[in-house]
Amino acid sequence: MKIDIVTIFPDFFRGPLDHGIIRRAREAGLATIEVHDLRAFAHDRHKTVDDRPFGGGEGMVLKPEPIFECIEGLKVAPREGRIESRESVVLLSAQGKRFDQSVANELAALERIVLICGRYEGVDERVGQYLADRELSIGDYVLSGGELGAAVIVDCVTRLIPGAVGNQASTQQESFTTFSPTHAGDGPSSTCASGGLLDYPHYTRPADFRGITVPEVLASGNHEEIRRWRRRTALEKTLRNRPDLLNQVVLSDEDKKLLGGF
Ligand code: SAM
């Protein structure tokens, strides 16, 4: 996968792209990530990329010319050909569609994504209308720039590229992932895909930490008991922290029975 990031702060990405899974994926050639300095596409002496808003009002707006020029230089397919070329140009925006695990899966299946980071009061609307094919928001809050959002998307998408995570099955069993557990192989962990719920609780050694012990069932070796415990605790946690998710997943009869107990 090729990922291009367009920003006025290229140095921002030094940290996020140089650690853990992203770094390994880059080193293994699974992901090529390039950061482009938007100011390189400004032609005046001061490298101006922003201007005052038409109609008046607060702040500055990122100008369209440098962004169009930068993206055109990247030789991305025109908007109408991007499904075929398996590319997407994304504008980071608080006004965008919410980025979630299903959008991450969609992006991970592409060959190339371009992420445009806004700043100031935002980006000239023509970028969203004519250049980007989608606007994505990483949550219902306003950041001062799109860079953190781009880093979130790169992280989330990169770990879904086959081979990026040591045990790929684990990415299919996590919170929000609507995945059929039948793909995951045998054993208790692989039968506990979240199916769109939050993940179940995890524990590791020591079994007794300051008198707080790990649930006995996890050491029982009884795969069926472990599976039921994980499903029950995943349901419990989802009900407590994200009840909205329960309306979006298909619950089995067993799930409904377990939920009835809370
Ligand atoms: N005036 C805009 C509004 O009210 O929607 C906010 C602009 S914000 C200060 C500057 C830039 O940060 C945006 O152009 C966008 O690129 C980025 N940004 C802010 N919040 C974001 C979010 N929730 N998700 C993704 N990007 C965001």
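The legends below describe close-up views of a predicted model.

In this predicted model, local features need pLDDT of at least 70 and side-chain atom pairs count only at pLDDT 80 or more, whereas totals for chains, interfaces and linings use all residues. Residues are numbered from 1 along each chain as its sequence is written.

**View 1. The two domains of the protein.** The domain assignment, whose bounds come from an automatic or database source, gives domain 1 (2-158) and domain 2 (169-259). Taken over C-alpha atoms, the centres of domain 1 and domain 2 are separated by 35 Å, and the C-alpha trace of the protein spans about 70 × 45 × 40 Å along its principal axes. The protein has nine helices and nine strands, which are DSSP runs (helices H or I, at least four residues; strands E, at least two) numbered from the N terminus.

**View 2. The shell around the ligand.** Of the 20 residues around the ligand, Leu92, Ala94, Gly118, Gly146 and Gly149 come nearest, where a residue is near if its C-beta atom, placed from the backbone, lies within 6 Å of the molecule. Strand β5 (residues 87-98) contributes the largest share of this shell, four residues. The shell divides into eight nonpolar, 10 polar and two charged residues, with Ala, Val, Leu, Ile, Met, Phe, Trp, Tyr, Cys and Pro counted as nonpolar, Asp, Glu, Lys and Arg as charged, and the others, Gly among them, as polar.

**View 3. The largest nonpolar core.** Such a core is a set of buried Ala, Val, Leu, Ile, Met, Phe, Trp, Tyr and Cys residues joined through C-beta atoms within 7 Å, buried meaning that 20 or more other C-beta atoms, placed from the backbone, lie within 10 Å of the residue's own. Of its 44 residues, Val6, Ile67, Val90, Val114, Leu115 and Ile116 touch the most other members. The largest share of this core, five residues, comes from α6. Another core, of seven residues, lies apart from it and includes Ala193, Leu197, Tyr200 and Ala234.

View 4. Buried in α8 are Ile226, Trp229, Arg230, Arg231, Ala234, Leu235 and Thr238. These buried residues of α8 pack against α9 (253-260), with contact taken as C-beta atoms, placed from the backbone, within 7 Å.

Technical notes. A residue is buried if 20 or more other C-beta atoms lie within 10 Å of its own, exposed if 12 or fewer, and partly exposed in between; C-beta atoms are placed from the backbone. Two residues are in contact if their C-beta atoms, placed from the backbone, lie within 7 Å.
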